[in-house]
Amino acid sequence: MEIIEYEGRYAEQVKDLLVELQCYLALLDERGVLVVKDSFREEYFAYVREELSKHGGKIFLAQKEGRAVGMVVCKLLPEGGEAAITTTCPKTGFISDLVVTEPERGRGIGKALLAAAEDYFAANGCEYSQLEVFAPNSDARELYRKSGYGVNCLYLSKALARSKF
């Protein structure tokens, strides 16, 4: 297994990985709000590519025998804005998506992808690496905990009674 930078010839495999991640998260979602719409594959891939362009980001792939078996999407969060007012950290790297295909999980690929992301962030002057994880995804939370990530912020939600309007 090797970690490589994304190349266009891997586009379909990256789309497959993004769909696999969303399907997995949808299965874990007890609220039933995470879905995989028919348009997800193409629209989300286009969204990721646009975000990478805006934020100086990269995709790193875990490649095994010529096939992408995992990936991490890395963005460089901009300095300024709210962060300039509320924090002293000038630059943060953000991991928006990390997935390892189901048959390859538990073999250190996620850890290697995290290391590639962190190396990229450090090379670009970031002081922190940040990510969000879906709370029911206990395997991912454990990977991040073992890799030194700690809780920085919690997002809480609750269902509201439906109005009769």
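1. Let's start in the sheet: Leu76 stands opposite Gly93 in strand 4. A total of 8 bridges join strand 3 to strand 4, and these two strands run antiparallel. Before going on, please keep in mind that this is a predicted model, where local features need pLDDT of at least 70, side-chain atom pairs count only at pLDDT 80 or more, and totals for chains, interfaces and linings use all residues. Residues are numbered from 1 along each chain as its sequence is written, and side-chain values use heavy atoms, with hydrogens and water left out. Helices (H or I, at least four residues) and strands (E, at least two) are DSSP runs, numbered from the N terminus.

2. Touching, or contact, means heavy atoms within 4.5 Å.

3. Strand 3 is mostly covered, with 9 of its 11 residues buried. Here is the scale: buried means under 20% relative accessible area, exposed over 50%, and partly exposed in between (1.4 Å probe, protein chains only).

4. Strand 2 and strand 3 run antiparallel, joined by 7 bridges, and Lys58 stands opposite Cys74 in strand 3. The two strands form a hairpin with 2 residues between them. Take a look at Glu65, which lies in the loop between strand 2 and strand 3. This residue has a positive phi of about 55 degrees although it is not a glycine. As a rule, most residues other than glycine have a negative phi. Glu65 counts as exposed, at 80% relative accessibility.

5. How do helix 1 and helix 2 meet? Their axes, for helix 1 (residues 11-28) and helix 2 (residues 40-54), come within 9 Å and cross at roughly 105 degrees. The two helices are therefore roughly perpendicular to each other (65 to 115 degrees; under 35 counts as roughly parallel, over 145 as roughly antiparallel, and the rest as oblique). Helix 1 brings Ala11, Glu12, Val14, Lys15, Asp16, Leu18, Val19 and Gln22 to the contact, while helix 2 brings Phe40, Arg41, Glu42, Tyr44, Phe45 and Val48. By type, the residues of this contact split into 8 nonpolar, 1 polar and 5 charged. In that count, Ala, Val, Leu, Ile, Met, Phe, Trp, Tyr, Cys and Pro are nonpolar, Asp, Glu, Lys and Arg are charged, and the others, Gly among them, are polar.

6. Helix 1 has 18 residues and reaches 26 Å from its first C-alpha to its last, close to the 26 Å expected at 1.5 Å a residue (the expected span is 1.5 Å times one less than the number of residues). Its buried residues include Leu17, Leu18, Leu21 and Leu25. Among the elements covering the buried residues of helix 1 are helix 2, strand 2, strand 3 and strand 4.

7. Buried or exposed: what about Lys15? This lysine is buried, with a relative accessible area of 7%. Leaving aside residues up to four places away in sequence, Lys15 touches Arg41, Glu42 and Phe45.

8. Leu28, also in helix 1, is partly exposed, with a relative accessible area of 22%. Not counting residues up to four places away in sequence, Leu28 touches Phe134, Pro136 and Asn137.

9. With a relative accessible area of 53%, Ala122 is exposed. Its C-alpha is separated by 9.3 Å from that of Thr92, 30 residues apart along the chain.

Conventions: Axes fitted to C-alpha atoms, helices over the stretch in contact; angles between N-to-C directions. Pairing = 2+ DSSP bridges.
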